[in-house]
Structure formats: structure tokens, C-alpha cells
Amino acid sequence: MNCDIVIVGAGPAGIFTALELVRKKSRKKILMVEKGNPVQGRRCPKNVTGQCVNCKPYCHITTGFSGAGAFSDGKLSLSCEVGGELPELIGEQLAQKTIEYTDSIYLEFGADTHVEGTGASDKVKQIRSRAIQAGLKLVDCPIRHLGTEKAQEIYLAIQEYLLASGVEILFGWNCVDVMLDGETCRGVLLQKSVDPSQTMEILAGTTVIATGRRGADWLEKLCSEHGIAHEPGTVDIGVRVEVRNEIMEDVNNVLYESKLIGYPQPFKNKVRTFCQNPGGFVSQENYDNNLAVVNGHSYKSQKSGNTNLAILCSHHFTEPFNQPIAYAQKIGELTNMLGDGHILVQRFGDILDGKRTWQKELSRSNVQPTLPDAVAGDITAAMPYRAMVNIIGFMQAVDHVVPGFASVETLLYSPELKFYSNRVKMDRNFDTSIRGLHCLGDSSGWTRGLMMASVMGVLMGRRLLDEEK
């Protein structure tokens, strides 16, 4: 099959590349390849079964049109201070301007016009003052909350728009390799997701890889195999914390999402909060090799009595080690082993007391887990010492900002892992060391989250439109 542009991965980066092209009347033939299902075909059976059944050949929460992010909390961060290192590559001014443009497109397709985290400046000052006293930095970022269920409606509308505009989308096909002619990319090799014996070659003048966190490990191996210039980036290892809404009430009402950053003693690694879900639900996602990781969902209509958020500890490895994604996966596998394939949960007080948590202790706790099939146990038996010490110190600092955050009954779920550590080397036009090959979104190592991945897609679309002129 021949086309002008092949886009591998139908997450936000790939979607907005195609969207910018068709909205600006590109004449090029565009083909998107997605290993999962269209939006309307993405169904997690857990609502029926009550527990994760480890769907094959892929998890429907992490794979399919709109990617993993749209099926989790569905939040758009509207500040270039949040969402990865893309502003370092393209400049903060262009990043912020493109965020505003991209946000307007989400609004066109039905996003809520309300923006969280604006106004109440006096209360923000009070929260920031407490953060400074605790040695933390507060990033007060405006948030447009799509909601897990509303995000699916928005991306369904975008999917139908792309199809109606002539974009061809191959669902159920997995990209296994790129086809190179010297230092030029000529296209991609595909396998049928449900039947790997079925293969297909796609020849294209331009190849865009946008496989998201789900495909970060695959892209890292691809870079190593074909000599695509890249470098080990930062790997984030942490936990998902769950507390009662009453504890987070002030922060939830004023900021909606409190982005706090610290460098706790003695290691001084960067530790941060991420993906806060007021009234949300802790969830499970499954990656390759049956790896179960924890995440959080936040709906517009359905609310729980708890707030959950991630606490992530950043690790940057230097020589001789250059496999940070594999390192994080090993930690996840060990944690899964202790939980017999399930997510582990432990009370913070039990961690400080040096004991595991038992199910009977959870049953009489003020904080009831919103992930009902999580297994009570001891996450410290799998979490590296450095990361665990960083997380404990950070939580105790946050307790000064949000009293009660580091209480005995606060729940910690593990493993929370973010697979975007491989960073592909490129210039501000997203040109890699291979002609005709571009890498976008979270799998490229430059973005983290829905908005900045979408922004990278918009800019990629503009770059390709310039070639037509």
C-alpha cells in the first residue's frame, strides 16, 4: 500500500497531526495505523467481571483510537510549564501559543468550556506559602477537565471527522518495524494484531511514529536496532496515593490539580505530583508481558468519596546503564509478583511501622480503596530503597501543605510507572537522524500528557503543510 504520510499510532500526537493537515486542506494521502480498536470498539470488561481479566492481544484502556490518556483522567494542562520538555525544543512562546490553538480545537469538538484552577488568587497564595515553607514548588496550572467518559465522546467526534475528511485508518494492525533505505525511511512493516502471520508493507514519503507511552519500549528498541539517534531519558517510578476528599478539599476547590515539585533529602531526586483526580477512581492498566500498572480515572458525572494522584520519583541514569525503561519494568514485574498479578495497596502508617497491610485493616479504614481488586500487602518489598525514601520524605512535606495527606490511613498503590524515558534526538522541525522519519508524543520522550502531545501533533502537521507549498 502506498501513501504520502503514514502515521503510526492514533493517540493525541498522531490524531492532531492528521487533524491539522485535513483542516488546512492538505492534498496528501494520509494513512493512520492503530493496533487497537476505534473509539466505539474500546470496551473494558472490568465493569462486568469486577476484576481485570488481562485482555488479549492488548488492553483496551491503553490501546485504541485516542490512546491511553483519553481513557484515564482526560485532563488538558493549559500551561507550557506542564507536560514535558517540548518547550526546550521549540521555545516557550511557541509552545504556549500552540496550546491555546489546540485547546480551541478541543472546544470545537465539545470540550467543557469551564477551566479549573483559575481565580481565587488569595487562596492560591496561601497554598503556595505553605508549599514554600515545606520546601516545595507549586505550579498552578489551569486545567480543562474533559472527564473520562466525555473524552471518549470528543475523540469519537474527531475520529469520524478524520474519516469523513478522507483520512484512512487501519485498525487492528501493529507496526513491527520501519523500512530503511540507507539513512532514509521508506515506510513501515505491519502485522495483524490478532494474527501475526498476516503482514503488510506501507510505503510512504513521510513516516510519523506516535505510539505513546504504550509504545515507548518498542520505539527505544527500534532506535537501537536502526541507529536512530536517541539518548536515555528520565524514568518515573512511584505510587498512586488515595485520600478522602475532605483532606484535599481546599486544593481541589482552588486548583483542582495541585502540581507540587520537591527534591527531598538525602538523595535530592526530583519528586512530583501528577494526574490528580478529585472524586476519582484508581484504575489498572495492562502493558506487554502482562505488566499491570496503576493509574487514575476521573469522570464528569460519576464521583467517589476519594481523591487520587500519582507521586513520581525521577531517575536519570548515566553510563554504563542505558535501559531505564527495562529497569522500571523489572520493578513493576516484582511488584506484580508480590500481588499475584494484581495491584498492591498499603497504608502509609504501615509503611512507617515497617509492616504489611492486611485486608481486615483496610475494611475498617476511613479510606476505602476505589480499586476493589487491589491486594493489601507490602509495596516496600519491591520498591527500590532510594525511590521509597524519596516518596516518604515528599509525602511528609506535602502534609505541611495539605494537613492529613500523610496520615496513617492514606493509601499507596504500586506500581505507578511512566514509560517515556527514551528521548529521540531531533531538531525543532522534529527531523530525526533518519530522513523522512519523525517521532512524536510521549514515546518520543519530549511530551507527557494529552495537551503537549496534541501540540506536538499540530506542529508536525504544520511542518508537513509547509512542504506542500
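## Close-up views of a predicted model

**View 1. The second largest pocket and its lining.** β14 gives the second largest pocket the largest share of its lining, five residues. The model shown here and in every view below is predicted. The volume of this second largest pocket is about 650 Å³. Its lining counts 29 residues, and those closest to the centre are Cys44, Asn47, Ile61, His297 and Tyr299. Three elements each supply at least two lining residues: α2 (46-49), α6 (148-164) and β14 (281-287). Sorted by class, the lining holds 13 nonpolar, 13 polar and three charged residues.

**View 2. Helix α4 against helix α13.** Two packed helices are described by the angle between their axes and the distance between the axes. Here α4 spans residues 92-108 and α13 spans residues 450-468. Their axes come within 9 Å and cross at roughly 100°. An angle of 65 to 115 degrees counts as roughly perpendicular, so α4 and α13 are roughly perpendicular to each other. From α4, the contact uses Leu94, Thr98, Ile99, Tyr101, Thr102, Asp103 and Tyr106. From α13 come Leu450, Met451, Met452, Ser454, Val455, Val458, Leu459 and Arg462. The contact residues divide into 10 nonpolar, three polar and two charged.

**View 3. Helix α1 against helix α4.** Helix α1 covers residues 12-23, and its axis comes within 12 Å of the α4 axis. The two axes cross at roughly 85°. That angle makes α1 roughly perpendicular to α4. On the α1 side, the residues in contact are Pro12, Phe16, Leu19, Glu20 and Arg23. They meet Tyr101, Thr102, Ile105, Tyr106 and Glu108 of α4. By class, this contact has six nonpolar, one polar and three charged residues.

View 4. Valine 243 sits in strand β11, residues 234-244. Its relative accessible area is 2%. Buried means under 20%, so valine 243 is buried. Leaving aside residues up to four places away in sequence, valine 243 touches Met248, Asn306, Thr307, Val367, Phe405 and Thr410. Leucine 412 is 169 residues away from valine 243 along the chain, yet their C-alpha atoms are separated by 9.3 Å.

View 5. Glutamine 265 and proline 266 are joined by a cis peptide bond, with omega about 0°. Proline 266 belongs to the loop between β12 (259-262) and β13 (271-278). Another cis peptide bond links serine 414 to proline 415, with omega about 5°. Proline 415 lies in a strand, β19, residues 411-418.

View 6. Lysine 25 is not a glycine, yet its phi is positive, near 65°. Lysine 25 is placed in the loop between α1 and β2 (30-34). With a relative accessible area of 68%, lysine 25 is exposed. Tyrosine 256 is not a glycine either, and its phi is positive at about 70°. Tyrosine 256 lies in the loop between α8 (245-254) and β12. At 7% relative accessibility, tyrosine 256 is buried.

Note on methods
Residues numbered from 1 in each chain as written. Predicted model: local features only at pLDDT ≥ 70, side-chain atom pairs only at ≥ 80, totals over all residues. Heavy atoms only, no water. Axes fitted to C-alpha atoms, helices over the stretch in contact; angles between N-to-C directions. Helix = DSSP H or I, 4+ residues; strand = E, 2+ residues; numbered from the N terminus. Parallel < 35°, antiparallel > 145°, perpendicular 65-115°, else oblique. Contact = heavy atoms within 4.5 Å. Nonpolar A, V, L, I, M, F, W, Y, C, P; charged D, E, K, R; others polar. 1 Å grid on protein atoms, 1.4 Å probe; cavity = no way out; pocket = protein on both sides within 12 Å on 5 of 7 lines; lining within 4 Å. Points joined across faces, edges and corners; volume = space filled by probe spheres on them. Buried < 20%, exposed > 50% of the residue type's maximum accessible area, 1.4 Å probe, protein only.
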